[in-house]
4 protein chains.
Amino acid sequence: MQEGRQIKVGVLGATGTVGQRFITLLAVHPWFVIDALGASSRSAGKSYSKAANWKQTTPIPASIRDLMVHECKPEYFLNCAVVFSGLDADVAGDIEAAFRAAELAVFSNAKNFRRDPHVPLIVPLVNASHLSIIPQQQLLHSPPLKKGFIVTNANCSTTGCVIPLAALEKAFGPIESLLVTTMQAISGAGYPGVASLDIMDNVVPYIGGEEEKMEWETLKILGGIADSDDGLKTFDMHSRHPLRVSASCNRVPVIDGHTECVSIRFARRPPPSPQQVREALAVFSPDAQALGCPSAPRRTIVVHEEPDRPQPRLDRYYQDGAGVSVGRVRQCQVLDIKFVVLANNVSIGAATSSIINAELAVLKGVISG
Amino acid sequence: MQEGRQIKVGVLGATGTVGQRFITLLAVHPWFVIDALGASSRSAGKSYSKAANWKQTTPIPASIRDLMVHECKPEYFLNCAVVFSGLDADVAGDIEAAFRAAELAVFSNAKNFRRDPHVPLIVPLVNASHLSIIPQQQLLHSPPLKKGFIVTNANCSTTGCVIPLAALEKAFGPIESLLVTTMQAISGAGYPGVASLDIMDNVVPYIGGEEEKMEWETLKILGGIADSDDGLKTFDMHSRHPLRVSASCNRVPVIDGHTECVSIRFARRPPPSPQQVREALAVFSPDAQALGCPSAPRRTIVVHEEPDRPQPRLDRYYQDGAGVSVGRVRQCQVLDIKFVVLANNVSIGAATSSIINAELAVLKGVISG
Amino acid sequence: MQEGRQIKVGVLGATGTVGQRFITLLAVHPWFVIDALGASSRSAGKSYSKAANWKQTTPIPASIRDLMVHECKPEYFLNCAVVFSGLDADVAGDIEAAFRAAELAVFSNAKNFRRDPHVPLIVPLVNASHLSIIPQQQLLHSPPLKKGFIVTNANCSTTGCVIPLAALEKAFGPIESLLVTTMQAISGAGYPGVASLDIMDNVVPYIGGEEEKMEWETLKILGGIADSDDGLKTFDMHSRHPLRVSASCNRVPVIDGHTECVSIRFARRPPPSPQQVREALAVFSPDAQALGCPSAPRRTIVVHEEPDRPQPRLDRYYQDGAGVSVGRVRQCQVLDIKFVVLANNVSIGAATSSIINAELAVLKGVISG
Amino acid sequence: MQEGRQIKVGVLGATGTVGQRFITLLAVHPWFVIDALGASSRSAGKSYSKAANWKQTTPIPASIRDLMVHECKPEYFLNCAVVFSGLDADVAGDIEAAFRAAELAVFSNAKNFRRDPHVPLIVPLVNASHLSIIPQQQLLHSPPLKKGFIVTNANCSTTGCVIPLAALEKAFGPIESLLVTTMQAISGAGYPGVASLDIMDNVVPYIGGEEEKMEWETLKILGGIADSDDGLKTFDMHSRHPLRVSASCNRVPVIDGHTECVSIRFARRPPPSPQQVREALAVFSPDAQALGCPSAPRRTIVVHEEPDRPQPRLDRYYQDGAGVSVGRVRQCQVLDIKFVVLANNVSIGAATSSIINAELAVLKGVISG
């Protein structure tokens with residue numbers, strides 16, 4: 001990346017919760033400059049400040065207030081090399097496909113393409129190497145693409161969990177069992193999202209589709225890429241060392257920050273001690289840092305020694321929400337090790353991940369700029 | 001129990017949170033009549049309405065308002081056959097021992113005697129049979145006791161968990177692994193208890209001593225009573241079929257009702273199906289029901305079919321808080337079966353358990369009245 | 001009302017929040033028996049348990065579970081003498097008018113007819129005498145009606161305020177200024193109502209239309225009925241002693257129970273003392289009590305002496321939510337007297353008011369049964 | 001203030017809630033450098049990170065972590081020119097007096113000296129001119145002081161209210177009546193402060209002493225300084241134009257940010273229109289800005305046009321918490337004008353005020369540095 005070079009980007013679903021986060025982050029980004037905004041036809045034709053029901057604690061960036069909102073059609077984004085998508089799943093599929101076909105690099109927070117065998121599902125602090133599938137994605141497209149592609153990031157609850165797991169697999173080899181119970185913030189459901197009558201003074205022990213996402217996405221993200229008989233690359237879903245994942249997902253009355261109680265069993269016997277686990281987590285440094293992604297956290301995982309941390313209200317702003325906080329690393333009487341991990345679902349769990357993914361793609365030359 | 005017979009009882013720690021619950025429940029009890037109230041020397045000599053900082057949603061029962069509060073000394077409770085103790089752990093040990101020595105039957109919500117090898121730790125819907133240790137407790141006392149004894153009930157988070165587990169062990173034989181993650185209400189910490197600055201918009205992933213209690217108490221409660229070589233009975237701690245328990249305890253912003261995500265592995269292969277588990281839970285009927293304890297729930301466990309239940313706000317009043325609610329019974333990818341259980345920590349998790357325990361003792365003739 | 005006589009009733013908007021409250025209350029009512037349920041065409045044809053997203057802490061009454069839900073057309077309610085309407089304002093107008101035209105007595109919680117010059121707006125503990133407008137309402141209908149009429153109850157925030165004001169005007173004569181600031185519960189907005197992201201850790205100092213309702217409804221309710229020149233009765237809007245009302249309405253993170261800070265100035269000089277006000281509130285006994293309405297509170301207003309009451313969580317269940325709680329009666333440095341009033345918005349502020357209104361109509365012979 | 005000059009300061013009550021805020025703010029202050037920390041004897045001798053139960057969302061500043069905490073005795077603060085006091089009222093009186101007697105400039109957040117006739121009570125965006133009483137405070141001390149003095153800032157709820165009132169008195173002349181109802185955050189009560197069982201799903205319509213503080217402090221702050229017959233200056237308590245103040249104070253489940261519903265009557269007839277009020281608020285610029293206080297907000301009052309603002313969660317960070325947000329400016333049916341004001345109680349309502357007061361004292365030459 002040349003010093004001072006700027007890349008024009010668009011935001012799809014710009015008026016929604018994730019879109020607002022994209023705008024807040026991109027407005028101060030050193031490389032990416034917002035050039036176009038897309039939303040539903042209801043918003044199209046309005047200035048952004050009129051179209052959006054802004055819910056952030058900082059005002060709408062001055063450079064964005066008066067930008068016109070367009071429909072989510074590639075014709076309005078021709079100056080952009082990259083689009084970030086905060087679209088809802090019910091429309092994301094067709095729109096993101098159309099932008100890819102129009103030779104745009106799409107970084108999506110939606111679930112629609114996560115299970116696509118040629119689309120990488122990337123948690124930027126974990127599996128940046130999966131960007132290597134993109135040439136195949138472009139080649140298999142009809143007609144083959146030169147610049148267009150889709151990269152997805154993971155579900156917010158998956159993201160928090162796989163970061164420490166990646167650190168531990170790097171240090172101690174494969175994990176064979178994962179049992180995770182989440183306590184997820186209301187902002188994970190978007191706006192208006194969870195009705196206040198459903199969550200005040202309450203826990204809802206169910207989030208539709210969430211457990212399936214965690215159980216499946218974890219395997220794709222922590223797995224590798226294999227060469228199959230037909231000459232194509234495939235995601236191996238951690239199949240060289242099968243990993244069983246059991247997730248229980250709960251909604252709790254917390255605004256931002258997903259807290260997860262994690263128990264794991266390693267393949268290796270004897271397993272590492274809690275202290276070895278703490279050390280491996282603390283020193284973990286992913287590619288995104290080494291490569292110099294500007295939005296990557298300076299430090300990925302903080303390991304708390306205090307017995308009552310991490311807590312969402314105190315720890316969700318760690319590294320501006322781009323890092324994760326781990327605490328209570330201790331032995332598990334049933335599996336090997338258990339700990340608590342906290343990740344900011346609206347930052348590293350959503351928009352921040354998409355942006356670091358795009359930074360990785362720039363630094364690895366996947367985006368020609 | 002003869003029709004119409006009444007038993008005079010006392011309440012220790014009468015001004016505290018658990019004490020207020022005892023008073024609310026006992027004021028309408030068909031057998032027990034409050035005769036004496038004990039609290040700290042700061043409260044002694046005052047009328048109850050002056051001494052207590054009453055925090056219940058129903059007023060102080062009219063019959064109790066003007067009762068004089070005494071210090072917790074047996075001399076003020078000579079008319080009572082039974083005392084219920086809601087004392088804090090820092091004073092409960094000595095006081096409860098003194099009341100037992102004074103030939104009173106003590107039903108305690110405190111933790112002090114739970115690990116005593118001659119004191120039964122009874123969840124009334126689970127292990128009423130453990131009352132059989134009482135003659136030994138009385139005999140080994142110096143001097144031997146005729147009427148005095150101590151029965152404890154379990155920690156509130158343990159209670160919710162062991163009730164469905166007892167139902168499942170009864171139906172399908174021993175459980176060999178239990179992994180439980182709790183989301184506990186603030187009322188479990190008493191008053192003033194949890195500071196609002198610590199829990200609003202937050203989760204605290206730690207409750208001092210709670211995980212150890214769950215991991216130990218579960219074994220004592222679900223285990224049996226064995227005859228040891230020296231002719232004494234001992235609690236076998238589930239040792240005939242070792243049970244590994246791993247608990248992760250969290251405080252969440254919920255007023256009443258502990259929600260727990262439970263995963264278990266049975267010894268038996270193949271394990272029961274989710275549907276078999278649902279049926280076994282729904283038909284479970286403990287001794288306390290068969291014997292006719294007036295405070296026992298008419299039905300012990302309700303099994304929800306809706307995917308998003310149980311929820312503390314909607315389900316904590318099931319059976320006036322004396323029953324437990326289970327939902328989301330499904331396969332666990334790591335162990336065998338997982339489900340969610342909700343128990344009202346201030347009812348079956350505390351005062352209601354003590355009272356049913358006393359009812360059991362009356363019906364089994366352990367209290368001579 | 002003859003002993004044992006029963007009146008068949010219908011519920012319109014039966015699946016909504018207010019409808020669920022009507023059903024919960026009517027299922028145990030001594031006179032009224034639910035005979036028919038009405039909801040939108042989406043629910044019509046389903047059993048109630050299938051149609052309703054039940055959110056009460058007690059289960060659906062057994063007698064109602066399997067009742068078929070109909071569209072809100074009079075033809076399905078021909079066996080009923082009375083219908084209770086919990087309809088949303090966007091449909092309530094036409095439907096309630098149709099039911100009146102079909103000779104049904106309609107007791108509505110909706111706002112649509114509150115400003116109608118021939119429809120009484122009745123807070124049952126305040127202005128039962130306004131039922132006297134009903135013959136005129138029937139006579140002016142085209143064609144004139146024999147049994148059909150509409151009675152509305154007030155907005156939930158108005159209700160809590162006018163009950164103590166009525167007591168004070170009865171004791172001390174007209175009030176000339178009222179300044180009220182409300183802190184209203186989320187349940188006042190129905191379901192799904194307030195988004196959790198809008199109200200957790202927050203106050204919203206605005207509720208659309210609420211201040212206008214309070215400022216207008218208070219005058220109609222506390223005013224009398226005058227004879228106008230054309231021989232018709234009219235609501236005098238408190239015009240004999242003009243009353244200025246200024247309301248500021250806020251939404252706060254409370255589930256049930258509206259708290260209101262009230263300051264008033266009396267016409268009479270010198271004004272009553274705080275102690276005189278307390279006494280007048282405590283002894284207030286409305287017609288609904290004297291007549292023996294079964295759902296009327298045994299005592300209308302409780303006056304707290306403790307400095308920190310009333311509080312919604314502790315006091316909203318007073319008299320099963322049919323009474324109101326007043327506290328902190330003291331001098332106001334700007335007007336004369338200020339106090340805090342708490343009313344349960346889902347009980348006396350909604351369904352309970354409609355039901356007592358119907359009871360009043362039965363006891364006063366307005367409903368011929 | 002010379003460029004680059006630094007002033008050594010101390011923090012009293014350094015481990016408490018206000019103390020933690022002082023440390024967070026002072027660690028990045030351009031002039032003030034923390035040199036000494038004082039707390040109770042329980043903390044004395046420990047490093048700050050050991051002594052403090054740190055509850056901020058940013059970590060303890062690196063420069064402070066290992067500072068030794070001392071007892072609050074002047075001998076440990078000899079290098080300091082200024083001390084900031086976050087002491088609790090039960091100890092603040094004696095300690096602050098001792099520091100003043102030791103020739104230190106004390107800027108206190110405690111209430112103890114607010115009513116002292118020679119101590120200024122300063123909201124820095126309102127009455128910086130009251131610093132002129134300090135020479136008299138020093139002269140009347142026995143023995144007379146050269147550098148020592150005490151300046152207090154106001155109660156957090158008073159602060160939010162008087163800022164817009166000062167703007168309005170400046171524009172439209174004296175206000176003669178003020179009726180204010182507050183909805184105050186839990187952080188206003190310190191830590192542990194409000195018990196979660198008292199405030200979750202609740203409103204507490206009482207804060208001990210708060211209404212008296214608002215009613216009295218408002219007069220001292222908005223009043224002027226008069227020359228009395230004995231040659232001394234006195235605070236005139238707004239007596240030239242008597243101002244009646246009636247406050248109703250409530251605690252609500254909000255973490256930070258006090259929301260206040262304000263109604264006022266001006267002396268001037270006719271009163272200004274809502275639009276004139278909006279304009280006067282928006283252009284208000286206090287001395288602290290003109291003088292260049294580094295911690296003063298760039299803009300003091302933002303006036304919202306949206307009907308549902310300000311809201312604590314969205315607006316409490318305005319100007320890093322140093323500005324206030326006003327909305328809903330409209331006519332009052334009883335007095336003249338009503339509006340809603342939001343102020344961040346932990347920033348401009350506490351530590352930020354003390355710091356700007358000290359900046360004012362430096363810029364006005366009251367502190368000789």
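The structure is a predicted model. Chains A and C are related by a turn of 180°, Ser347(D) is a buried residue, and the count of disulfides over all chains is 0.

**Relation of chains A and C**

- Among the residues of chain A, Ser196(A) comes closest to the rotation axis, its C-alpha lying at 1.9 Å.
- Both copies use the same surface, since 100% of the contact residues of chain A recur in chain C.

- Ser347(D) belongs to helix α12 of chain D, which covers residues 347–363.
- Ser347(D) counts as buried because its relative accessibility is 2%, under the 20% limit.
- The side chains of Ser347(D) and Arg21(D) form a polar contact at 3.0 Å.
- Beyond its neighbours within four places in sequence, Ser347(D) is in contact with Arg21(D), Asp320(D), Gly321(D), Thr352(D) and Ser353(D).

**Cysteines of chain D**

- Cys156(D) takes part in no disulfide, and its nearest cysteine sulfur, that of Cys249(D), is 9.1 Å away; a disulfide would require the two sulfur atoms to be within 2.5 Å.
- With a relative accessibility of 14%, Cys156(D) counts as buried.
- Cys161(D) is likewise in no disulfide, the nearest cysteine sulfur being that of Cys249(D), 9.7 Å away.
- Cys161(D) has 0% relative accessibility and therefore counts as buried.

How values were computed: Residues numbered from 1 in each chain as written. Chains lettered and ligands numbered in written order. Predicted model: local features only at pLDDT ≥ 70, side-chain atom pairs only at ≥ 80, totals over all residues. Heavy atoms only, no water. Helix = DSSP H or I, 4+ residues; strand = E, 2+ residues; numbered from the N terminus. Buried < 20%, exposed > 50% of the residue type's maximum accessible area, 1.4 Å probe, protein only. Polar contact = N/O pair within 3.5 Å; in protein donor to acceptor, adjacent residues only side chain to side chain. Contact = heavy atoms within 4.5 Å. Least-squares fit on C-alpha atoms with pLDDT ≥ 70 in both.
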